[in-house]
Amino acid sequence: MSNVVRMVQGSAEWHEHRRKYRNASETSVVLGLSPWKTPYQLWQLKLGLVEQEVTRAMLRGTELEPVARAAYERQTGRVMQPLVVVDGEYSASLDGWTFAGDRILEVKCPLKGRDSTLWKTVGAGQLPEHYQWQVEHQLMVTKAALADVFVFDGAEGILLEVRPDATAWPRIHEAWDKFAA
């Protein structure tokens, strides 16, 4: 059963929460699929041996996320609420979740906008594997029927609908269990 945790994403409380849980955005790391971080670097972060580096891409995403969510809401007519959701040891910081709980939103704001590989990949109806695992983890935690990945260039966005694949969830559990061992 998923529980909503009341906290502001990006706050000190949120960062402390992330150190204690198995987070959706870290699942590609424990699977060895992250282009940005190794399992060893994540282990250091979880133990508090290093601080989370804030990159230019992360700053852009934080800055544009509310604008992107508003653009998504205009485009789809759906209202989304950003929330942190926990199911046991697993957590997902959602860019949006419908009030009915049936659909989640993952926003991506690549630095190169429309010229990014991400924009082109999503435009072709695909999602890079490392993001696929993040979204699958979010779907696992929320039990939502659908996830919308919204790639935003600062003015407009493109949308990819992702359906859950519950057969992938044991792989998420196994990778996290191995990482925690």
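Me: Is Arg103 buried or exposed?

Reply: Burial is judged by relative accessible area, where buried means under 20%, exposed means over 50% and partly exposed lies in between, with a 1.4 Å probe and protein chains only. Arg103 has a relative accessible area of 11%, so Arg103 is buried. Please keep in mind that this is a predicted model, in which local features need pLDDT of at least 70 and side-chain atom pairs count only at pLDDT 80 or more, while totals for chains, interfaces and linings use all residues. Residues are numbered from 1 along each chain as its sequence is written, and side-chain values use heavy atoms, with hydrogens and water left out.

Me: With which residue does the side chain of Arg103 meet in a salt bridge?

Reply: As a general idea, side chains of opposite charge can pair when their charged atoms come close. The rule used here asks for a side-chain nitrogen of Lys or Arg within 4 Å of a carboxyl oxygen of Asp or Glu. Arg103 meets Glu161 in this way, at 3.4 Å from N to O. The pair links distant parts of the chain, since Arg103 belongs to strand 5 (residues 103-108) and Glu161 to strand 7 (residues 157-162), 58 residues apart. Helices (H or I, at least four residues) and strands (E, at least two) are DSSP runs, numbered from the N terminus. Glu161, at a relative accessible area of 41%, is partly exposed. Both Arg103 and Glu161 also belong to a network of salt bridges that links them with Arg78, Asp148 and Arg163.

Me: Which residues form salt bridges with Arg114?

Reply: Asp153 is one of them, the closest N and O atoms of this pair being 2.7 Å apart. Arg114 lies in the loop between strand 5 and helix 5 (117-123) and Asp153 in the loop between strand 6 and strand 7, so the pair ties together parts that are 39 residues apart in sequence. Glu156 is another partner, meeting the side chain of Arg114 at 3.1 Å, N to O. Glu156 also lies in the loop between strand 6 and strand 7, and this pair is 42 residues apart. Arg114, at 41% relative accessibility, counts as partly exposed, and Glu156 counts as partly exposed at 48%.

Me: How many salt bridges does the rule give?

Reply: The count comes to 15 salt bridges.

Me: What pattern does the chain follow along the sequence, and how many helices and strands does the chain have?

Reply: The chain has seven helices and seven strands, and reading along the sequence gives the pattern β-α-β-α-α-α-β-β-β-α-α-β-β-α. Of the 181 residues of the chain, 48% count as buried.
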